[in-house]
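Here is a short note for a colleague who is opening this entry for the first time. Please keep the sequence and the model side by side while reading.

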Amino acid sequence: MGDLPPDLQRLRTLETWLTLPLQRVREQIAAVERPAQPRRAPQPPAAAARPAGPQRPPTPDWGIVDAGAGAPATEIHRGDCWATGKTLRPISAERARVEFADGAQACEVCRPDTVLCRPGSTSS
């Protein structure tokens with residue numbers, strides 16, 4: 001190590017002088033590697049990836065289908081029940097419990113009463 005200067009100022013100068021060529025070599029390596037890398041198509045922003053048109057409302061936890069044409073009695077359903085048709089009105093768990101107490105029937109397919117009518121049940 002006797003061929004290096006003993007003072008910090010000249011050592012820092014030497015470090016800078018040696019770093020500059022190394023930086024140029026690294027830039028040239030990157031430039032040569034760039035064409036060899038496969039080109040990827042630019043990714044669309046996340047907003048553009050979503051389909052256009054009206055957005056579907058979130059699935060409710062519970063719903064009610066009122067008595068009427070095609071429905072002989074008011075029925076309570078789970079929000080994801082396939083047997084509701086398009087007439088399901090979202091309701092809260094508490095409202096569903098009140099409807100059961102007032103005589104509404106439970107859907108025979110999704111059986112919401114097995115969850116909602118348990119003592120101490122706090123499902124939303």
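Is Leu4 buried, partly exposed or exposed? Leu4 counts as partly exposed, because its relative accessibility is 37%. Buried means under 20% relative accessible area, exposed over 50%, and partly exposed in between (1.4 Å probe, protein chains only).

1. Basis. This is a predicted model: local features need pLDDT of at least 70, side-chain atom pairs count only at pLDDT 80 or more, and totals for chains, interfaces and linings use all residues. Residues are numbered from 1 along each chain as its sequence is written, and side-chain values use heavy atoms, with hydrogens and water left out.

2. Overall layout. The protein chain has four helices and four strands. Helices (H or I, at least four residues) and strands (E, at least two) are DSSP runs, numbered from the N terminus. Along the sequence the pattern reads α-α-β-β-β-α-β-α. The chain has 124 residues, and 21% of them count as buried. It exposes about 10,200 Å², of which carbon and sulfur atoms supply 56%. Accessible areas come from the Shrake-Rupley method with a 1.4 Å probe; for residues, only the protein chains shown count as cover.

3. Leu4 sits in the segment before helix H1 (8–36). Together with Leu8 and Leu11, Leu4 forms a nonpolar surface patch with about 260 Å² of accessible area. Patches are made of residues with over 30% relative accessible area and no salt bridge: like charges are joined within 9 Å, nonpolar side chains (Val, Leu, Ile, Met, Phe, Trp, Tyr) within 5 Å.

4. Strand pairing. E1 (residues 62–65) and E2 (residues 75–78) pair in the antiparallel sense over four bridges. Here Trp62 stands opposite Arg78. E2 also pairs with E4 (residues 105–106), in the parallel sense and over two bridges. In that pairing Glu75 stands opposite Gln105. Two strands pair if DSSP finds at least two bridges between them.

5. His77. This residue is found in strand E2. His77 counts as buried because its relative accessibility is 1%. The side chains of His77 and Glu75 make a polar contact at 3.1 Å. A polar contact is a pair of N or O atoms within 3.5 Å; within protein, one must be able to donate a hydrogen and the other to accept it, and residues adjacent in sequence count only if both atoms are side-chain atoms. Leaving aside neighbours within four places in sequence, His77 is in contact (heavy atoms within 4.5 Å) with residues including Trp62, Val65, Leu88, Cys107 and Cys110.

6. Salt bridges. The structure holds eight. Each is a side-chain nitrogen of Lys or Arg within 4 Å of a carboxyl oxygen of Asp or Glu. Arg10 bridges to Asp7, with the closest N and O atoms 2.5 Å apart. Arg12 and Glu15 meet at 3.2 Å, N to O. They are three residues apart in helix H1, so about one helical turn separates them. Glu108, Arg111 and Asp113 are linked in a salt-bridge network.

7. A link across the sequence. Asp66 forms a salt bridge with Arg89, the closest N and O atoms being 2.9 Å apart. Asp66 lies in the loop between E1 and E2 and Arg89 in strand E3 (residues 89–91), so the pair ties together parts that are 23 residues apart in sequence. Asp66 counts as partly exposed because its relative accessibility is 39%. Arg89, at 35%, also counts as partly exposed.
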